[in-house]
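Work through the exercises below with the model open. Try each task before you read its solution.

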Amino acid sequence: MTSGSAKTIFWVGTLSSALIFIALTVDFHRREPEFAHTDKITDQVVKGKKVWHKYNCNDCHTILGFGGYYAPDMTKAYYRLGEGNIIHVVMNPEKVYKDSFRKMPKLGVTAEEAKDLVAFLKWTAEIENRKWPPQDEKYVKAARAKEAQAREVPRTDLVLASCGGCHSFENRGRDVAGDLADLARSNTFDRETMIRFMLDPAAVSPGSGMPPQQLSREKAELIADFVIGLR
Amino acid sequence: MIKYESQKVALHYIRLSLLLFPLQVVMGLWLAVNYGFTLPQALVDVFSFATARALHTNLLVAWLLLGFMGGTYFILPEECERELFSVKLAWLQLLLFAGAAVAAVVGFLFGWTQGKPLLEIPVPLDLVIVVAALIFIANVVLTIAKSAHRSLIQYMLAAGVTFLALLYLIGIPFFKNLNTDYYYWWWVIHLWVEGAWELITASLVAFVILKATGVERKVVEKWLYVETGLFLFTGLVGTGHHYYWIGAPDYWLWWGGVFSALEPLPIALMVADTWLHVRERKDKTVNPLLWTYIVGMAIYHFFGAGVWGFFHTLPPINYYTHGSQITVSHGHMAFFGAYALVNLTIYYYALPQFKGIKRYDERLGQWGFWNMCLSMFFLCLIFLIAGVLQTYLERFLDIGYMTAHSTMMFWFKIALGIGAWFLAGVVMTVWHLFTLRPAQEKA
């Protein structure tokens, strides 16, 4: 090979790749609204993103798969946990994870910041990213089904969407706070106590790390029946 | 035996970087402790995994960049056959860079962060680094401009340094849209390691090979053109392998997949040309350790960045492996092979010259090299096992997070032990580089 052809390889290679990359970048921005729903980026979403940066969440959690691999991916966390649970967890990590093998630091997130963060995570969860991460797709499906009428949804989807972010059952769900069948067997709650427990765990079992659940009476009954049925 | 007085400034860059390297590894061990054991809440509250990770990764970037800067200041006078444009500017640059780094470390400990992985340094400190980078570019370009000679290595270095600084700017602003944010985050991270850094290190290594082997300059420059050309050809569009799951058009699967599948090609060429040059060297072997490093670096670069990267970036595989401990395995092997070993190669070329040593006692250096290379190989193997288990359990079988992640505690206890072994290798190497002394001539 001559020096001349080596030089040609350098310039042709570099410039052709740069041109393709720039053209694709222009197209990425043109089509961004359909993938990232840019029209839904409200002021609150932006404030929530600043909260996300402020507490350096991204060095433990991944989002879109990027960041620290120490804690769960947050891309679809909104579907996995829902608003109330996210707020409770980020404000009280030391209670929620008191028995966990990994801890989350108490960051001092305020109630307002937590709400903004939820807005950000809700917007993030709706990014059309080819259904990634794979393990969270079941929550997306279940949560979307739950948003419809509770009675029409398969019972397991309802429980998965409501409880699966922390509990497991029949080999589904995340099993951070125990398997529902084990928990059902190890406590003696009657139906009414179980419903009260779900809506305000600390009132029934002081010291419980479980966040209060924002459930309609109807959905709480369905879940209580399901759990008691596991006994 | 340095030829130009101004080369001495490089020594301070190199020494500082050698102090940061072991610190980076100590932080890495602490991260493994976080994975391997359950830590008390009170400790996690004041020194979280996130803070430790920010320190681990920023120390890496800091010591690598210091090495690139020091290496550049070392070779530039020889390559330009004149003193540096300004030694004072080089000192000012070092003080600004080191000052920003210290302020960043202290800041991280108190939660002062931009909150973007790898780019945690807050904006005011970013600006200090930008000033340091501008001084660096000016000093490099003016030294070259005032030289009576022109060479490809000069141009590549100047281009690499400028490209590096320009890309850094893209990481500074706040983006409202997470998807855009990560689109451009990779312009810093990926285009650094697959673009700007390759230009700089390829030039530095070309210089070392040129001087140490006595191979003709024309031949070395020809390889340099072809390799950097292929690095940029595959690397620029190859950025797309980070865009599979961020919410971007489907064509990225193809562009990203095909171009990154080609990424091992220039590295394979690099292994081949390094091997040829070392084999055909005209000068007598003075310090075999330098050859060990040059060849070792090329091979490790090929496996860590090339082969590991190749499998990991194929879209159907990446769907399962993206953002898992498999990424950690690839990241460690690639950074160690492609960059840590390059810096150490340059140090082993430069440091003996500062002391005027022709042949040094290299026993401890050999121990350091082999201990680092072997332990890093096993460390990446452990990360790979942990990652395969994680993705298989959580993403393939779809069973709970807890089950998938609690298996890591066992593997990271092993990783901690191997990490300590790696640290031992690093301490040997750093100690050896600081205390180089002439070899005892056999009677």
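**Exercise 1. Describe the contact between chain A and chain B, and say which element of chain A gives the largest share of its side.**

Solution. Start with the count. 62 residues of chain A are in contact with 61 residues of chain B. Two residues are in contact here if their C-beta atoms, placed from the backbone, lie within 7 Å.

Next, list the elements. On the side of chain A that touches chain B, at least two residues each come from α1 (3–36), α2 (43–54), β1 (62–63) and β2 (66–67) of chain A. Helices (H or I, at least four residues) and strands (E, at least two) are DSSP runs, numbered from the N terminus. The largest share, 19 residues, belongs to α1(A).

Then sort by class. This side of chain A holds 28 nonpolar, 19 polar and 15 charged residues. Ala, Val, Leu, Ile, Met, Phe, Trp, Tyr, Cys and Pro count as nonpolar; Asp, Glu, Lys and Arg count as charged; the others, Gly among them, are polar.

Finally, check the confidence. This is a predicted model: local features need pLDDT of at least 70, side-chain atom pairs count only at pLDDT 80 or more, and totals for chains, interfaces and linings use all residues. Residues are numbered from 1 along each chain as its sequence is written, while chains are lettered from A and ligands numbered from 1 in the order in which they are written. The predictor gives the complex an ipTM of 0.96 and a pTM of 0.96. For chain B the mean pLDDT (the predictor's confidence in each residue, from 0 to 100) is 96, and 100% of its residues reach 70 or more.

**Exercise 2. Divide chain A into domains and examine how domain 2 meets domain 3.**

Solution. Read off the bounds. They come from an automatic or database domain assignment, which gives domain 1 (1–36), domain 2 (39–128) and domain 3 (135–229) in chain A.

Locate the pair. The C-alpha centres of domain 2 and domain 3 of chain A lie 21 Å apart. Twelve residues of domain 2 are in contact with eleven residues of domain 3. On the domain 2 side, α3 (77–91) and α4 (93–96) of chain A give two or more residues. The largest share, seven residues, comes from α3(A).

**Exercise 3. Find the backbone features of Lys131(A) and Pro133(A).**

Solution. Go to the loop between α5 (111–125) and α6 (137–147) of chain A, the place of Pro133(A). The peptide bond from Trp132(A) to Pro133(A) is cis, with omega near 5 degrees. Lys131(A) is found in the loop between α5 and α6 too. Its phi is near 55 degrees, a positive value in a residue other than glycine.
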